[in-house]
Amino acid sequence: MTVLAMDNVSLTLGGTRVLDDISLHVARGEFVSILGPSGSGKSSLFRLLTGALTPDRGSIRVDGAPLSSRSRAFAFMPQRDALMPWRRIIDNVILGLEVQGMDRAEARARVLPLFATFGLEGFERHYPAQLSGGMRQRAALLRTIVQDRPIQLLDEPFGALDALTRAGMQGWLEQRWQAAHWTTLLVTHDVREAVALSDRIYVFSRRPARIIAEFEVAEPRPRLGRPLSANAVRLEAELFDALLTQTGD
Amino acid sequence: MAHSPSGSPAARLVQGLPAVFSVIAALAAWEVYVLVSGISPLVLPAPSRVAEQIVVNRDLLWANTVPTLQATLSGFAFSLSVAFALSLLIDFIPKLRRALFPVFVISQTLPLVAIAPLVVLWFGFGLTPKILLVALVTFFPMLVALVDGYESTDPDISALLKSMGASRAAIFRRARLPSAMPYFFAGLRISITYAVVAAIFAEYVGARAGLGIVILNAKNSFRPDLMLAAVVISSALTLALFGASALLQHLVLGWRRAGVAP
């Protein structure tokens, strides 16, 4: 069942066409990635979805209803963790619930049981500066998940991590996702990450962004932590080709 | 962490030792110079004589410290309230910044020597002119600290709150105001020291009591020892207020002292 449907969406920012005739859809429980070169308008797409921008043309529907500034369909995880340095981890995690108007004590009680699965047990009362980069990203993801929105928007969530931590986090996210099947739209420029995590991948062109390819990833899960299958290797090569024709240099 | 004093109280005491030594050395040099040169105490009294004057005149000095402290604190409280109210307005209506800031900058160019007598002329010898002069001196630094502090908010945090459906007011309360706190305390520590000086100057120009009056009277009766005694008290007052601001910062910004990643 389709949760998110974008049809022929175009966006112009400051006289520059950023998104050109984008049509995509995400089904319930599906993990969809948008893969594109840097600066291809992937982040603008998220700003459209979170209501920070409105499209010039086209429609965005969530569960069949047009997206309005009041429809809170998305929980957003930014590229850098954006944890508030003055709030303890638990109070960072409940931020979205507090904004929704939930009482602080109630929100804390609700998120506390999730700390163990997110590898944050014992760090509830720590400040963000006391946590490693990987733990901070997990806290940011937990803050996203507890908002209990229909769709999770992840904007290059591991882009700021070192390679080793990133690999660990991708494996961890794959496990978590297999257990929970959050409907997820991931933006990334990491081909391997997209292939490892996604059910489907849309490839964006350079600005103005068009969708130049769509790939199904049928590989069995879990995919991380074992050798790449011949299919996955071929898919990665195809994706690289599709991307490289776009860089123009 | 590097940006705040850390370690045990004993370790901090050791850190403070060089400062104590240099102050003692300066006082000792002063004392010896007065002894050896035989200079008249009417020109340069020795530190020991100033200390003696503080003890002898303690009732007078205390009676005049209270009004100065009162003027400083009420002036500063007034200044803070106005600065906060205006910072709110400017944050929510950015156009106001361009309209108001030039006026405030000009207010900071007015020489206190000229303004103080006028304010006393208009508002008399009571508390009002002192409050106004303390506010004139401290208001602008506090306003700039707050407005710049709001501007320092991480745009990612604002965007995140927006994606959560937070209103402009909620974003202010949860992100912009806390982000401004380090700036606020930096401004507070600086402004509070100006505040004492401004209060004493206002008294000097016209008042019934206060350290400014003690200094004025001591000057007129050729008593540099008593003058310096009042100066010592006013410095102690400033240091105490500075210390109180630092303590408040220590309490409010506790998160900045949390350790780094293990």
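Which residues are buried in helix 9 of chain B? Here are some friendly notes on the model, starting with that one.

1. **Helix 9 of chain B.** The buried residues here are Leu211(B), Gly212(B), Ile213(B), Val214(B), Ile215(B) and Ala218(B). Buried means under 20% relative accessible area, exposed means over 50%, and partly exposed lies in between (1.4 Å probe, protein chains only). These residues pack against helix 3, helix 8 and helix 10 of chain B, where contact means heavy atoms within 4.5 Å. Just after helix 9, Phe222(B) has a positive phi of about 50 degrees.

2. **Ground rules.** This is a predicted model, in which local features need pLDDT of at least 70 and side-chain atom pairs count only at pLDDT 80 or more, while totals for chains, interfaces and linings use all residues. Residues are numbered from 1 along each chain as its sequence is written, chains are lettered from A and ligands numbered from 1 in the order in which they are written, and side-chain values use heavy atoms, with hydrogens and water left out.

3. **Chain B overall.** Chain B has 10 helices and zero strands; helices (H or I, at least four residues) and strands (E, at least two) are DSSP runs, numbered from the N terminus. The C-alpha trace spans about 75 × 55 × 30 Å along its principal axes. Of the 262 residues in chain B, 39% are buried. Among contacts between residues at least 6 apart in sequence, 74% join residues at least 24 apart.

4. **Helix 10 of chain B.** Helix 10 covers residues 224–252, and at 1.5 Å a residue its 29 residues should span 42 Å; the end C-alpha atoms are 42 Å apart, which agrees. The expected span is 1.5 Å times one less than the number of residues. Its buried residues include Leu226(B), Ala230(B), Ile233(B), Leu237(B) and Leu241(B). The buried residues of helix 10 pack against helix 2 (47–56), helix 3 (58–92), helix 8 (168–205) and helix 9 (211–220) of chain B.

5. **Thr65(B), a residue to look at.** Thr65(B) is in helix 3 of chain B and counts as buried, at 8% relative accessibility. Leaving aside neighbours within four places in sequence, Thr65(B) is in contact with Leu211(B), Ile233(B) and Leu237(B). A polar atom of the Thr65(B) side chain lies 2.6 Å from the backbone oxygen of Leu61(B).

6. **Where the chains meet.** Chain B and chain A bury about 2,000 Å² between them, 66% of it on carbon and sulfur atoms. Buried area is the accessible area (1.4 Å probe) that two parts lose on being put together, summed over both. On the chain B side, Met164(B), Arg174(B) and Trp255(B) lose the most area to chain A, together 34% of what that side buries. The contact takes 20 residues from chain B and 24 residues from chain A.

7. **Salt bridges across the interface.** The rule finds three salt bridges between chain B and chain A, a salt bridge being a side-chain nitrogen of Lys or Arg within 4 Å of a carboxyl oxygen of Asp or Glu. One joins Arg80(A) to Asp154(B), with the closest N and O atoms 3.9 Å apart. Helix 7 (155–163) of chain B gives the largest share of the chain B side, six residues.

8. Arg87(A), Glu98(A), Arg104(A) and Arg174(B) are linked in a network of salt bridges. Arg87(A) sits in the loop between strand 6 (74–77) and helix 2 (89–93) of chain A and is buried, at 7% relative accessibility. Glu98(A) is buried, with a relative accessible area of 8%, whereas Arg104(A) is partly exposed at 34%.

9. **Salt bridges within one chain.** In chain A, Arg221(A) and Asp199(A) pair at 3.0 Å, N to O, and both residues are buried. In chain B, Arg97(B) pairs with Asp148(B), the closest N and O atoms being 3.8 Å apart. That pair links helix 4 (residues 95–109) with helix 6 (residues 127–151), the two residues being 51 residues apart. Over all chains, the structure holds 20 salt bridges.

How values were computed. Polar contact = N/O pair within 3.5 Å; in protein donor to acceptor, adjacent residues only side chain to side chain.
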